[in-house]
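Me: Hi! Could you walk me through this protein model in plain words?

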Amino acid sequence: MGLCFDNQVSIHVYCVCVCLMPAGEKLVVAVSGDPRFPHASFKCEMCDCYFNDEFAKKAHVKGRRHRLNYKKMYQPDLYVEPTKSMVSQPL
Ligand SMILES: [Zn+2]
């Protein structure tokens with residue numbers, strides 16, 4: 001039983017990763033010389049977050065916090081993956 005449960009968990013995690021699509025990438029704009037974060041290259045205007053590079057920016061638009069904000073402000077029907085405590089519950 002233990003093994004079976006482990007398999008289900010990893011399959012579920014894999015599914016969440018594959019389904020995760022970036023949302024609201026246009027809300028992240030290029031910045032330079034921002035007084036608060038002079039080394040930042042990008043800023044998410046919705047979340048007021050700063051990023052140093054393209055990789056951090058891409059991670060952010062796929063991140064849960066950004067997607068939750070986007071869901072609240074722009075797209076109420078956007079799929080946002082459940083929290084970890086919810087994932088462990090049976091469907
Ligand atoms: Zn954001």
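**A first look**

Reply: Happy to! Of the contacts in the protein chain with a separation of 6 or more, 30% are between residues 24 or more positions apart; two residues are in contact if their C-beta atoms, placed from the backbone, lie within 7 Å. This is a predicted model, where local features need pLDDT of at least 70, side-chain atom pairs count only at pLDDT 80 or more, and totals for chains, interfaces and linings use all residues. Residues are numbered from 1 along each chain as its sequence is written.

Me: How many helices and strands are in the protein chain?

Reply: There are 4 helices and 3 strands. Both are DSSP runs, numbered from the N terminus: helices are H or I with at least four residues, strands are E with at least two. From the N terminus on, the order is α-β-β-β-α-α-α.

Me: And how do the strands pair, parallel or antiparallel?

Reply: The pairing is antiparallel, and the 3 strands form an open sheet in the order 1-2-3. Strand 1 (28-30) and strand 3 (49-51) are the edges, each pairing on one side only. Strands count as paired if DSSP finds at least two bridges between them.

Me: How many bridges join strand 1 to strand 2?

Reply: 3 bridges do, with strand 2 covering residues 42-44. In this pair, Val28 stands opposite Cys44 of strand 2.

Me: New topic: what share of the residues is buried?

Reply: Buried residues are 16% of the 91 in the protein chain. Buried means that 20 or more other C-beta atoms, placed from the backbone, lie within 10 Å of the residue's own.

Notes: Buried ≥ 20, exposed ≤ 12 C-beta atoms within 10 Å, placed from the backbone.
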